[in-house]
Amino acid sequence: MTSQPSSKRPEPGVDPCEVLFISHAAPEDNAFTIWLGAKLAAMGYEVWADVLRIKGGDDWQRKLENTLRERARKMLLVANPRAVDKQGVRNEIQIASEVARKIGDSAFIIPLRMERFDAPFLIAHAQYIDFTRGWARGLAEFLETLQETYRVPRNAGDGDPIWRDVQAIHAKTPVDAPERLISNWFPINKLPKKIRYYEFRGHISERQANALMENPLWPLKPFHRGFLAFAPLHDLQDHFGPHLPIKRKGERFVTGFLDDGWSKLGIERLDARNHSTDLSRQAFESFFAQRGLQSYAMSGTQTAWWPPLDVAPTSKIAFRWGDLAGLRQIQGVSLKREMNWHFGISVAARSAPIRHVRIVSRLVFTENGHEPFDDPARMHRLRRSFAKTWRNARWRDMLLAFLHWLAEGRSSLAVPVSSQEAIVLGLPPICWQAPVSLPVEEEAPEPDDDDPSYDDGPDEPEDPGDNDHSEVAGDDV
């Protein structure tokens, strides 16, 4: 964009500048730009972007430049490494910087951070809105900023019809055919029968109690002068010694504990579910460690569990539960990057809307198949770049292959919480049937030297036959 418009920005009080101008690297970010533009237009904001080029014969480049120079209230920069490297976007940043100096608005350019990026000099100090944690969360923060900080005016009405037209052009028409939706929720088919509260005997100090509760054999949750546990008293003897410094003060059926709490102990329902979630987390972590998985601390409080090179197969793993079948590799070597990659998972037990465990897919990278890179920034960059061509179907199949291996081909996964009881997950994950489906365009896979699925061999699983054992869960929740 090099032409210079002859008109000037309106004087204060005359035809005020109200346009939100979206700058992005088309076509990579068209989907986000269309989504954001439609949301903002529906709320009464006036929005411009180059995806509005839906009429032939118009000089949209000049119109957009004129809008940025003369009518824009803010420029919204869809910020990622692709965008800031595009010359067209850099031209728009230059023009917007000139406008910012002219009108005295140091916050005229608002980066919308989609990924980590190296900010050009002209916007190095601009305050960005974070969309990396999700479009909806980013939009909520952005709308609050527009309204409370920048006070950008809105028009009454039902939004800009042009944006509705653009959405309609890019939208897909539902097909009147059912579609199976595979979730990452795994049903809890069986819970331990009871939860127990134990107190320490005598006048034991808090420090002594905490020391005694370190590295327990079975999950326990510190509470008041003792702890909560699923394990019966005899299971705790090996840990606390023959002269047990604890006594059982009460017990409650787990189903009632989750539904109503434990009034005698002052535990409300929400707290009861949080305590149960923590006990379940400990059980899963102990189970994963026993299977040889290693832990890796993700950002925040979540932990990824992944198999080192000698723990899980490096070849493809076939999985089959009824007609849900496939073949995937869950760890391997990237010769191009000279490193190993490992599929891993994070888990969280939930009691609502149904009792289930949510499993999130992760990637961990190592130099030798055993030690993760100790640079979090490098690990983050690798996750972004290494799997950028992976589609949802691949992530889903990797998760199913991982769980088929972890459950040794069974239709359930039992995670012990005591010597006699376990939390039993049903496999495969919960599936829903949608009454309609959206057409999916056939896409040729992008070349990927790191993707072991694109080889010359057939990608069809063998019939596992007798390996697909079923396990009766009993005591359905």
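This note covers one histidine and the salt bridges of the structure.

1. Basis. This is a predicted model, in which local features need pLDDT of at least 70, side-chain atom pairs count only at pLDDT 80 or more, and totals for chains, interfaces and linings use all residues. Residues are numbered from 1 along each chain as its sequence is written, and side-chain values use heavy atoms, with hydrogens and water left out.

2. Placement of H24. H24 sits in the loop between β1 (19-23) and α1 (30-42). Helices (H or I, at least four residues) and strands (E, at least two) are DSSP runs, numbered from the N terminus. The relative accessible area of H24 is 6%, so H24 is buried. The cut-offs: buried is under 20% relative accessible area, exposed is over 50%, and partly exposed is in between (1.4 Å probe, protein chains only).

3. Surroundings of H24. Its side chain makes a polar contact of 3.4 Å with the side chain of T33. A polar contact is a pair of N or O atoms within 3.5 Å; within protein, one must be able to donate a hydrogen and the other to accept it, and residues adjacent in sequence count only if both atoms are side-chain atoms. Neighbours within four places in sequence aside, H24 is in contact with D29, N30, T33, D50, V51, V78 and V89. Contact means heavy atoms within 4.5 Å.

4. Salt bridges, overall. Side chains of opposite charge can pair when their charged atoms come close. The criterion is a side-chain nitrogen of Lys or Arg within 4 Å of a carboxyl oxygen of Asp or Glu. By this rule there are 18 salt bridges. K194, R196, R248 and E251 are linked in a network of them.

5. D29 and R82. Their salt bridge has its closest N and O atoms 2.8 Å apart. D29 is in the loop between β1 and α1 and R82 in helix α3 (residues 81-85), so the pair ties together parts 53 residues apart in sequence. D29 is buried at 6% relative accessibility. R82 is partly exposed at 34%.

6. R82 and E115. R82 also forms a salt bridge with E115, closest N and O atoms 3.5 Å apart. E115 is partly exposed, at 22% relative accessibility.

7. E98 and R69. Here the closest N and O atoms of the salt bridge are 3.4 Å apart. E98 belongs to helix α4 (residues 87-103) and R69 to helix α2 (residues 60-70), so the pair ties together parts 29 residues apart in sequence. Which residue of this pair is buried? R69 is, with a relative accessible area of 14%. E98 is partly exposed at 30%.
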